[in-house]
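Subject: Structure for your files

Hello,

Here is the structure I said I would pass on. My notes on what was found in it follow below.

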Amino acid sequence: MPFLGRDWRSPGEYWIKTENGWEPCRLLEYMIGSLDQGLKGNVHCCPKSNRSTLTTRNVENIPPQLNNRPPILYTRTSRENCQKPCLTDALNRLDFAGAVRDIRKFNYVCTLVQLLIREKLRELSGATQRSLFNIVQQLVTEALSNHQNVNALQWLLRECRKALRGGLYDLFFIGSSSVWEKQVAQLEAWQNQLAAVQPRSRPPDGKALLSDLPEECQRAILAKLDSGADLVRIGMANAQLYRISQELALWRELCMYHFDGNQLSVAVSPDPDEADWKNMYFRLQRRYGNKEVFPNMIHQCCCCSALFWMEDCHPCVQEDYQSKPISPRKLIDLLS
């Protein structure tokens, strides 16, 4: 019997339960058809002739079945489906612009953007550049709204502006030079906005501050930090936090967390009890770099090769599927 239709290994259509039973629904067609249907009855599809009536005001009326759909990208190719996803598909379908609002995904998105700007900016297509700058815009908007990660965003914008300027001077870029100059001007405007951000003081609400906690609680909080630079900065708050941040036990735990035994053997002294763990940490950091730590990152299913966020589920043929983490650099290499 000949095989007709889509690849049977594909994820298939998305179905919604209505009053008349289960019906297939396509997101774009539903958004177009909702203009005339008013979302009062069942889910219907709209003919292609009405696509010119698409507007953005009906996006807010999407039902929760569609709005809560987790972002997924399938990377496996087959004889019937030989189209390999590109980096633009990953940035759009995995919703990196929306992931900026999640504090657990923020560091992963920032690291991915840094790698793309440093190494791949001149090689990206126009669609990928547009998606990338959309993510940068969302990062700046999020930093301006909550006044967090402002220094990291300023450094990111400087690197991006440097890469854009280098492409203009070397005449090695994709797209129009006027578009790149417009992007440079936009980066300068974002830098000025971030430079005007002033740290906000906490309003008096009668609750305890970090300095009001017992010393044991402060030590436990500082032990949760995974960066030596953050440990140094928090020690500048007051004398007690400075004394706690200078304890070698905290720096020893940082060294044990970021570096393995072979790396530690390069800088460790014969007597570990007399070792300067703080100095050793910064020496090893300059040589090997810190271990990448992301509370939430992209995973790839070992069964269907789907890319998805770790905290989100995805439809798979196996209920007890296993997945492997995908670092930002590995994600770029996978889709480049």
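In these notes, contact means heavy atoms within 4.5 Å. Please keep in mind that this is a predicted model.

I began with Q218, which lies in helix 9 (residues 215–222). Leaving aside its neighbours within four places in sequence, Q218 is in contact with L210, S211, D212, L213, Q240, L241 and I244. Two of these contacts involve backbone oxygens: the side chain of Q218 reaches that of L210 at 2.8 Å, and a polar atom of the Q218 side chain lies 3.2 Å from the backbone oxygen of L213. Is Q218 buried or exposed? Its relative accessible area is 1%, and the cut-off for buried is under 20%, so Q218 counts as buried.

The other topic is the nonpolar cores. The largest has 49 residues, and the members that touch the most others are F96, V113, I135 and L139. Several elements give two or more residues to this core, including helix 3 (87–93), helix 4 (96–99), helix 6 (126–146), strand 5 (306–309) and helix 15 (328–335). Which element gives the most? That is helix 5, with nine residues.

For a closer look at one member, take I135. Not counting residues up to four places away in sequence, I135 touches L91, F96, A97, V100, V109 and V113.

Another core lies apart from the largest one. This other core has 16 residues, among them L222, A275, W277 and Y281.

Regards

Conventions
Residues numbered from 1 in each chain as written. Predicted model: local features only at pLDDT ≥ 70, side-chain atom pairs only at ≥ 80, totals over all residues. Heavy atoms only, no water. Helix = DSSP H or I, 4+ residues; strand = E, 2+ residues; numbered from the N terminus. Buried < 20%, exposed > 50% of the residue type's maximum accessible area, 1.4 Å probe, protein only. Polar contact = N/O pair within 3.5 Å; in protein donor to acceptor, adjacent residues only side chain to side chain. Core = buried A, V, L, I, M, F, W, Y, C linked by side-chain atoms within 4.5 Å.
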